[in-house]
Every structure is written in structure tokens, then in C-alpha cells.
Amino acid sequence: MQNPQSSNNANQDPTIDAQPQPRRPRGFAATAAAAAASGSATGTSSGAGAASTGSSSGKGKREREKEKERTKLRERHRRAITSRMLAGLRQYGNFPLPARADMNDVLAALAREAGWTVEPDGTTYRLRHSPPAQPQHQQHLGAFPVRSVESPLSASSLKNCSVKATLDCQPPVVRIDESLSPASLDSVVIAERDTRSEKYPSASPINSVECLEADQVVLSYICTQDVPVYIKLSTGIINNFCQVADPESVRQELSHLKSLNVDGVIVDCWWGIIENWNPQKYVWSGYRELFNIIREFNMKIQVVMAFHEYGGTDSANVLISLPQWILEIGKENQDIFFTDREGRRTTECLSWGIDKERVLNGRTGIEVYFDFMRSFRTEFDDLFAESLFSAVEIGLGPSGELRYPSFSERMGWRYPGIGEFQHSICVKYLLMMYCNAFFDFTYPYEIIIPDTIKSVQCYDKYLQQNLRKAAKLRGHSFWARGPDNAGQYHSRPHETGFFCERGDYDSYYGRFFLQWYAQTLIDHADNVLSLASLAFDETKIIVKVPAVYWWYKTSSHAAELTAGYYNPTNQDGYSPVFEVLKKHSVTMKFVCSGLQVCSYESDEAFADPEGLSWQVLNSAWDRGLTVAGENTLSCFDREGCLRIIETAKPRNDPDRRHFSFFVYQQPSPLVQGVICFPDLDYFIKCMHGDITGDLGPQ
């Protein structure tokens, strides 16, 4: 029997015998503990009990892993929804939310929209009233934190708004205590606003006459801001013999453009025409004649260093290949071209893998590009001295865009296919690497791979070497391969194991490969632009960025990944690219679709051109880049015109940022009467700010 005295002593001093209570297991830990206890109770021997406990423990571990994956998926889905909501508020609601906005930023922006002032410490009050000094004990309560977000309407403009004198008597301050939940917080703010609105219907500064002038200021800005417009001349103006095909037609077209008050023209300088037959033998005669004709009309010229081939469904029977001497080298060494997973070579442009490989008659890829650019600069030095050339665009990939040739129609791609990665490692190399790694010998025989297996992976060797090096530095040599479950050109993300929800793109290997794939594209741009800056010193340099907007609403952004932009929902794939462009003081030209995606297409391809445009343009502007635009050939209606004007001069941008110029592509010469917009004159006047146009919702 227990001693009463000791019991009383224990009660009097609980610190003597008190032991910390063990925490009750919860969730899967409770399940595992219960299963272990049950196994121990029913086991007939200690060995059986241990086995049961181990089995239950393993089962609980698997359940925990599954729950982690489900939680990760729910969080990713929640962030995707939040991202779209914030994008809508920024684009359509005039809310200048920061890039990493949270609900505090949204709440503060809503309060300011309703006419309240929100201090950085969370104190909220009506305008023209300073917040009262808080008592000393309240200063440590930690009011509900709300970040400071600048309102699109300045404080000086709001101070001129008419407010009832009766509101000046008592400053209505909303103090928010930590004990208030977000729901009760909303009710407090809304109740205060509604009470004032009912009592004084015209008291809100947003409803006052002076504040209504803010929209007029924005419309005035859109109306007066001048965005120069350049027209891209049709490709067939210069034939394959570097001659002006029809000088009179060129003059007629330029005369028509001059009457429309166009600021200048875009001329493609094709590598496959100028250096066609022999290396370092450049023929510029046709371009000299063309530039002299353009100079007669006193128009500016932007030239494009076109290091890609031209020809396809929209080429109007015009075909311009890479130089013939390059194609001859390619017959002997096909690895100078990009190669897809089935071993098919694309001659749209040269592979990034030979940028520093001396495989082009003793020259590297970037040396070939530099010699071409230097030849142009030397040949037309007199026109540069006259400032006839306003800028030079550097082609960095297919169609002159900074991307991989991942969605080539001649390879079988059709919209909205995800495209294919353009390099990895072949099966032959995998077998050889396996022998070297595990058996310490070199495979001595010629490896013959059946066609059914060969189609898995087979890409150019120069990028294989690059990938091998990156995988070895990472410490996982077996990662030196491309994904074998990424589908084909016409596949959809959900049909693949790599791009589907919770797919391999977000695995450790997937992240490694995609980062390397994107970094290779960035390094290519860095290498070429470094030499372009030397060739065209003190001349504006332009780089074109594509608009890969299909599958933008999915988690993986599959089409962007295959194009070289590592931009899934949890990653910003454009920031590293724009950092390189900023390094070389480059103007970023973005391809604006101007298309209104129908609901069927949005559901079918999860396309979001507006969301992509918002991300790309704001990311570039936030990094201080000069931004320009260019339309697609498929845009030819008035609605598309108005959408492009809204993109070029955003009405709701609080910083009043806009395009530095806009390039209008035409499918054929204007003198033939086939133009993109029905009223090109109207479009140019809107861009120049001569007229406002109907920029409202269509």
C-alpha cells in the first residue's frame, strides 16, 4: 500500500515525480502504432510479433509516402489556381500585385480599391485621416500583417476627391487583433465599408467626379503614346541568286507603306543565299540594291541575321535552305543537325552542340555566325554611318526564334502536340556505358540494334557529350540520357509518363534533364550574342522569343519544356533567359498571337496566350529589358488588332510600360491586297497614338 505521506508530498510538489506525458500518435503514426500493438498482442512468439511489427511499419511508411505525394499534388493544384486568380486580378482588375503575392497583398489591394488606406503594419483607415497613435500595449499585439502595395491612383489625385465634411469628425479606423480569423476580418472590413456607403452614398473617393478622371488619363496615355510600326517585307523579294526579283513591285509596296505612315521595314538577310556555295564567300549585291531602294523612301531598316531555313505551309512556294556547303558537310557528319528520338535529322538550323566544335571546315558554329555578321557590318559600313539601320535582329533558332526545333511540321507535329526533345543519348551509348561501369571493359563488337529499339533514343553526339559531362558532375552518370516516356510530336501531356500530372518531369532526374536542356539553350544565346555585340557595336540588337501558349494551363507546360523553356507551374523559366539578354543589353521581341482562344480550344489544348503574354512581358519589364512585339501570320481580323494594341500599350499597367516598336508580318506583298488586318491604316494610327480605338472587351 502507498504511503500517504509520500502521496501528499507528491501532490504538494508536482515537479518531483511528474514525468512528461508521451504525445499521442496521430494520422499514419497512430495507424502504424495500432497495427504494431495488434500484431504484438496476437503473435504467438516474439519472432512472429517482430515480423508483424516490421510489416505494419513498412505499410505505414508506404502510406506516409503516398500521403506526401497527394499533399504535394494538392498544394501544386492550389498554387496553380492561386496563380491564375492573381493573374486575372493583375490583368483585368488593375491590381499591381507583386510577383510573390499572398492573400495579405490581395486584401490590401481590395481595401485600397474600396478607398481605404493600408499601412505596412496593417493599420487600415479612410483617406485624409491619419491613424491614431496606438497604446503601448497594443503596439506589441502584432496587427494582422498586410504588405504595402502601391495603388494605381496616386495619393495626390485622391486628395482632390470630394468627401463629406461629416466624415472628417471621426477617423474610422479598423483595428485588427490577432484573435480575429480571416473570415471575421473580412466581415469587419466589409461591414465598415457598407455602413459608410449607406449613410453617405457619395462619400467614397472612387465615386467622386475628380477620381473618374483617372480612366480618362489612362485613355489619354493610350491615345498619345507612340509605338513605331515596322512592316516585314515578303521573303521572295530577294531570290536564291541574291538578286531583287522585281524592283518595281518593291517600289510600289514601299510607296503604299509610306502612305500609311509606316516607320520602317524589316529585311531578312538569309545565310542560305548570301554564303550559299562556298564558305566565307559572301554575295551582298541584291541586298545593296534593295537597301538603296528603301533609302529612296526615307524609311528605317531593321535587318535580320537569318541563320535558319525557310519553307513550309505558309512559305508561298518559297524555299530557302541552309548553305549548300553546310548541307554537304551534313551528309558526312549528320550530327551537326538536331535529331529527334527516332533518329530523324532536321535541317532547320545547326545544333547548339557544335557552337564550339570545329566541324565546319575548321570553324566552330559561333565562328561561322560571327564571320557572317562581321561581313555584313563591313559591307554596309556606309549605311550604318547614315543611321539607315535602326536595329539588327540575331536569329538564334528555327524561324529566327530562341528555341529548339521541337514542333516541326515536316517531322509530323500538328497543333496542339507537345513536340519532342531534340537531343539525348542513344541506346548504343547506354550499352557501352553499362559495360564500362559495371564490368570494367569496353564492348568490343559492333552493336546492331533492332529498329523497334532504335526508335527509343538516338540523338546528335555533340550534345550527348555535353549531357554526359553534366551528369558526371552531378554524380549520376546514368542520367546522361533523354526521357524515354516523353511521347511523340503529336502527343498530349496526359498520354505520356513524363509530362502527365505527377509525371517524371518533376522527379530528380526530370528536373536535372530539364535544367540542363534549358541551360544549353541559354548558353547558345549567350555565346552568339557575345560575338554579335562585337560585330554590331553601338547598334541595337534584338532577339525574338516565341509564344508557346498551348498546354500553358497544365502543370508541366509540356510544349514549353520541349521548346527549351523550363517553365512548369512551380518554376519561372523565362527569368534566366532574360538575365542573359539583359547582360548583352538586348531588346526582347515577343511574338504576340492576337488570337482569341475559343472555349473548345482552351479545353482541348489548355491554351492560354493571354496568361503567357502576361508572364513573359512582365518578367522582361521587371528586369529592365526593352520589349517589342510581332504578330503571327494567322492573325488577320479587327479583334486581333485590338488585342495586340492592348498588349503593346497595356491600359492597366501602373508603370505605363509599352512596346518600344511593333513588327507587322504580312503573308504576301501589300500591293496584292492581302494583308493581315482589314484596316492597316487604322492599326498604325492606334499604335502611333493618333486615335484610341475600342480597347474594351470584345
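Student: Is Phe513 buried or exposed?
Tutor: Please bear in mind that this is a predicted model. A residue is called buried when its relative accessible area is under 20%. Phe513 has a relative accessible area of 0%, and therefore it is buried.

Student: Which ring pairs with that of Phe513, and how is the pair classed?
Tutor: Two aromatic rings are counted as a pair if their centres lie within 6.5 Å, and planes under 30 degrees apart count as stacked. Tyr517 is buried too, at 0% relative accessibility. Both Phe513 and Tyr517 belong to helix 18, which covers residues 508-535, and they are 4 residues apart, about one turn of the helix. Their ring centres are 5.7 Å apart and their planes meet at 25°, so this pair is stacked.

Student: How many aromatic pairs are found in the whole structure?
Tutor: The search finds 48 aromatic pairs. One of them joins Tyr287 and Phe291, with 6.2 Å from centre to centre and 45° between the planes, and it is classed as tilted. These two residues lie 4 residues apart in helix 11 (residues 285-296), again about one turn of the helix. Tyr287 counts as buried at 0% relative accessibility, and Phe291 likewise counts as buried at 0%.

Student: Where does the charged end of Arg481 sit?
Tutor: A charge is said to sit over a ring when it meets limits of distance and angle. The charged end of Arg481 sits over the ring of Tyr509, 4.3 Å from the ring's centre. In another case, Arg377 lies over the face of Phe384, 4.3 Å from the ring centre.

Student: Which strands pair with strand 11?
Tutor: Pairing is judged by the bridges between two strands. Strand 10 (residues 541-545) pairs with strand 11 in the parallel sense over 4 bridges, and strand 11 pairs with strand 12, also in the parallel sense, over 6 bridges. Met588 of strand 11 stands opposite Val543, and Met588 also stands opposite Val627 in strand 12.

Student: Which residues does UniProt list for "active site"?
Tutor: Such labels come from a record and may be inferred rather than shown by experiment. The unreviewed UniProt entry lists Glu401 and Glu630. They are spread over 230 residues of sequence yet cluster in space, with a largest C-alpha distance of 11.6 Å.

Student: Where is the place of Glu401, and which residues does it contact?
Tutor: Glu401 is in the loop between strand 9 (389-394) and helix 15 (427-438). Glu401 counts as buried at 12% relative accessibility. Apart from neighbours within four places in sequence, Glu401 is in contact with Leu396, Lys544, Pro546 and Val591.

Student: Where is the place of Glu630?
Tutor: Glu630 is in strand 12, residues 626-631, and counts as buried at 1% relative accessibility. Beyond residues up to four places away in sequence, Glu630 touches several others, including Lys544, Lys589, Phe590, Val591 and Cys592.

Conventions:
Residues are numbered from 1 along each chain as its sequence is written. This is a predicted model: local features need pLDDT of at least 70, side-chain atom pairs count only at pLDDT 80 or more; totals for chains, interfaces and linings use all residues. Side-chain values use heavy atoms; hydrogens and water are left out. Buried means under 20% relative accessible area, exposed over 50%, partly exposed in between (1.4 Å probe, protein chains only). Contact means heavy atoms within 4.5 Å. Rings of Phe, Tyr and Trp (its six-membered ring) pair if their centres lie within 6.5 Å; planes under 30 degrees apart count as stacked, over 60 as edge-to-face and the rest as tilted. A charge sits over a ring if NZ of Lys or CZ of Arg is within 6 Å of the ring centre and within 35 degrees of the ring normal.
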